[in-house]
Every structure is written in C-alpha cells, then in structure tokens.
Amino acid sequence: MRALMPWSRMPTLQHELDRMFERFLAPMLPDVPALGEWTPALDVAEGKEAVTVTAELPGVDPKDIAVTLEGDLLTLKGAKEERHEEKDERWHRVERSAGTFIRTVRLPAAVDAGAVTATFKNGVVTVTLPKTAGTKGTLIPVKAE
C-alpha cells in the first residue's frame, strides 16, 4: 500500500527537518526575545577592552531612550512618536514603525557597570560597556627550556 502512496511520510520528514534547523540555528537566536510594538535592529560586538551594542533608532528622540544594565542583561527601551493622520489625507502605504520598543540582550562578557557610556548620533545609539579586568584576559609568556 505504501508503494501506492509514496508521500504519506512527508509530515514526518518535514518535522525532522524542522527539528534539524532549530538545532542548527539555536546558537544564533537571541537569548532574550524582543518585545514591543516595533523592534529596532541592533549589533553586539566584543573587542579586547569592551562590548559595544549599537542599535538603529531612526526617528527616536534621544530623551525618549532608556538604557539599563542588570547583571549581564542590557535593556534599551523607548518610544517613537506616532504619526497623526490628517482628515483630508488618504494614506496609500504605511510602512514606518512607531510606538514603544524594548530590546534586551545578554552580554557575552562581564562588564564594569560604573564605566558604561551611551551616545546617540544620526539615529544610532551606541552603548560602550568596558570589560572587567578579569574578562580582558592575561597574556602568559611561554618560556623555552
């Protein structure tokens, strides 16, 4: 009978492929999901001296951005002003996001909370988190005998 229905096992195959991709992509997925009405894109980079988090926040006023650090979690919260529709306008396309946002990212290394800085320029916020002395690492010379 299976010879007459070769596609009967497709749901099982699809399930196995889904599980395989979930395992493969798991390390690339963010640790903490994004919440809010829109989600700004961000990058996390780790250098020798600091961790840098850069987020694109076009149209957001810097005074509407809050940056908090709790343990190894950095949170960016804020709001982008809603557009007000005029009664005599007819909208044909609305693609720009507005409203509140919150992004939380787990930092890849321990940082010095007292030395964190945040700057805003051209719609991009950059948070620089200097690493603690223990996480910077120490170069140990190898002696030849």
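## Salt bridges

Asp-61 and Lys-63 form a salt bridge, and their closest N and O atoms are 3.0 Å apart. The model is a predicted one. Lys-63 counts as exposed, with a relative accessibility of 68%.

How many salt bridges does a search of the whole structure find? The search finds three. Side chains of opposite charge can pair when their charged atoms come close. Another of these pairs is Arg-106 with Asp-72, where the closest N and O atoms are 3.4 Å apart. This pair links distant parts of the chain: Arg-106 belongs to strand E6 (residues 99-106), and Asp-72 sits in the loop between strand E4 (65-70) and strand E5 (73-80), 34 residues apart. Arg-106 is partly exposed at a relative accessible area of 36%. Asp-72 counts as partly exposed too, at 33% relative accessibility.

## Lys-131 and Glu-46

A salt bridge also joins the side chains of Lys-131 and Glu-46, with 2.7 Å from N to O. These two residues are 85 residues apart and link distant parts of the chain, with Lys-131 in the loop between E8 and helix H2 (133-136) and Glu-46 in strand E2. The two side chains are also joined by a polar contact of 2.7 Å.

Is Lys-131 buried or exposed? Lys-131 is buried, because its relative accessible area is 8% and buried means under 20%.

Strand E2, which holds Glu-46, is part of an open sheet of four strands. The order of the strands is E2-E3-E8-E7, and their pairing is antiparallel. Which strands stand at the edges of the sheet? Strand E2 (42-46) and strand E7 (117-121) do. Each of these has a single partner strand, so one side of each is left without a neighbour in the sheet. On average, neighbouring strands of the sheet are turned by 15 degrees against each other, direction ignored.

Strand E3 (residues 50-56) and strand E8 (residues 124-130) run antiparallel and are joined by seven bridges. Within this pairing, Thr-52 has Thr-128 in E8 as its bridge partner.

## The loop between E7 and E8

Asn-122 lies in the loop between strands E7 and E8. Its phi is near 55 degrees, which is a positive value in a residue other than glycine. Is Asn-122 buried or exposed? Asn-122 counts as exposed because its relative accessibility is 72%, and the exposed class starts over 50%.

## A nonpolar patch on the surface

Which residues form a nonpolar patch on the surface? Leu-13, Leu-17 and Met-20 do, and together they have about 250 Å² of accessible area. One of the three, Leu-17, is found in helix H1 (residues 10-25). Leu-17 is partly exposed, with a relative accessible area of 37%.

Key: Residues are numbered from 1 along each chain as its sequence is written. This is a predicted model: local features need pLDDT of at least 70, side-chain atom pairs count only at pLDDT 80 or more; totals for chains, interfaces and linings use all residues. Side-chain values use heavy atoms; hydrogens and water are left out. Two strands pair if DSSP finds at least two bridges between them. Axes are lines fitted to C-alpha atoms, for helices over the stretch in contact, and angles run from 0 to 180 degrees between N-to-C directions. Patches are made of residues with over 30% relative accessible area and no salt bridge: like charges are joined within 9 Å, nonpolar side chains (Val, Leu, Ile, Met, Phe, Trp, Tyr) within 5 Å. Accessible areas come from the Shrake-Rupley method with a 1.4 Å probe; for residues, only the protein chains shown count as cover. A salt bridge is a side-chain nitrogen of Lys or Arg within 4 Å of a carboxyl oxygen of Asp or Glu. Buried means under 20% relative accessible area, exposed over 50%, partly exposed in between (1.4 Å probe, protein chains only). A polar contact is a pair of N or O atoms within 3.5 Å; within protein, one must be able to donate a hydrogen and the other to accept it, and residues adjacent in sequence count only if both atoms are side-chain atoms.
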